[in-house]
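Trainee: Hi, I'm new to reading structures. Please walk me through this one.

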Amino acid sequence: MERILVIGGARALGAAIARRAVKDGFEVVVGARDLAAAEETAAEIGATAVRCDLQDESTLAAAAERLRDGVDHIVTTGSAPHDVRAGELDRDRLVAAFTAKVLGPMLVAKHFAPILRPTGSMVLFSGVVGWRPGPGSLVKGVTNGAVEYAARHLAADLAPVRVNAVSPGVVDSGAWDRLGDRKSALLGKSAAGTLAGRHGESDDVVDAVMWLLGAGFVSGETIHVEGGARHKLA
């Protein structure tokens, strides 16, 4: 049975990926900054839990030590949004955003490279805003764009372990529930901005991730799961 570590697996898309992986017969380890949340999700879906905080390298080293008998796949979905314009940037939040998206996954590679099985893979998470600039999306856009290059270079560095990225559009994963009544407006606007004519669902992204886990001849690529939003004229 292949083992997969889903970092950020306690909620939203991460939890959906972990749940599907259990269903598909993987041994799943849910990794999250909040160990209690990871344990709760793991207990619900039939997995195990480990603390993985992309902002704290020591937790990544400890997780790798705990899983030292081997890991086949790692999916990292972490993010730390800082959605402001340039004049409002906060340095600490800027660093946190880069750490969650780029530096953290690189440190995951550092600590897990010795135990990643050669037929395995890593899947990083980018996002459509990396290709669709707009006011207030500076940090999210640059960090998401950087993930594409991180995937390419990690693929070369970790070969034959495969490294790819998934770049979703706006997806109704539960992450937008915090907007309350404004959520439906956001999803409607997103749907209008795609060629597919709808917003994304969690399963759209989960399907792409699961495909990548088994796509043994795909490495260094970014898979766009956004309904053609990059190609829709404004």
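Trainee: Where does Ala38 lie?

Mentor: Ala38 sits in helix H2, which covers residues 35–45. Helices here are DSSP runs of H or I with at least four residues, strands are runs of E with at least two, and both are numbered from the N terminus. Before we go on, two notes. Residues are numbered from 1 along each chain as its sequence is written, and side-chain values use heavy atoms, with hydrogens and water left out. This is a predicted model, where local features need pLDDT of at least 70, side-chain atom pairs count only at pLDDT 80 or more, and totals for chains, interfaces and linings use all residues.

Trainee: Thanks! Is Ala38 buried or exposed?

Mentor: Ala38 is buried, at 0% relative accessibility. Buried means under 20% relative accessible area, exposed means over 50%, and partly exposed is in between, with a 1.4 Å probe and protein chains only.

Trainee: Which residues is Ala38 in contact with?

Mentor: If you leave aside neighbours within four places in sequence, Ala38 is in contact with Ala10, Val30, Ala32, Ala49 and Val50. Contact means heavy atoms within 4.5 Å.

Trainee: Zooming out, how many helices and strands does the chain have?

Mentor: There are 7 helices and 9 strands in the chain. The radius of gyration is 17 Å, close to the 17 Å that the globule rule gives for 234 residues, so the chain is as compact as a globular protein of that length. That radius is taken over C-alpha atoms, and the rule is 2.2 Å times the number of residues to the power 0.38. Of the 234 residues, 51% are buried.

Trainee: New topic: how many salt bridges does the count come to?

Mentor: It comes to 14 salt bridges. A salt bridge here is a side-chain nitrogen of Lys or Arg within 4 Å of a carboxyl oxygen of Asp or Glu. One of them joins Arg3 and Asp69, with the closest N and O atoms 2.9 Å apart. Arg3 is in strand E1 and Asp69 is in the loop between helix H3 (57–66) and E4, so the pair ties together parts that are 66 residues apart in sequence.

Trainee: Are those two partners buried or exposed?

Mentor: Arg3 counts as buried at 11% relative accessibility, whereas Asp69 counts as exposed at 55%.

Trainee: What about Asp203 and Arg20?

Mentor: Their side chains meet in a salt bridge, 3.5 Å from N to O. Asp203 lies in helix H7 (residues 202–214) and Arg20 in helix H1 (residues 12–23), so this pair ties together parts that are 183 residues apart in sequence.

Trainee: Last one: which peptide bond is cis?

Mentor: The bond from Ala159 to Pro160 is cis, with omega near 15°. Pro160 is in the loop between helix H5 (138–158) and strand E6 (162–168). Ala12 is also worth a look: Ala12 is not a glycine, yet has a positive phi of about 50°. Most residues other than glycine have a negative phi, and most peptide bonds are trans. You can find Ala12 in helix H1, and Ala12 is partly exposed, with a relative accessible area of 24%.
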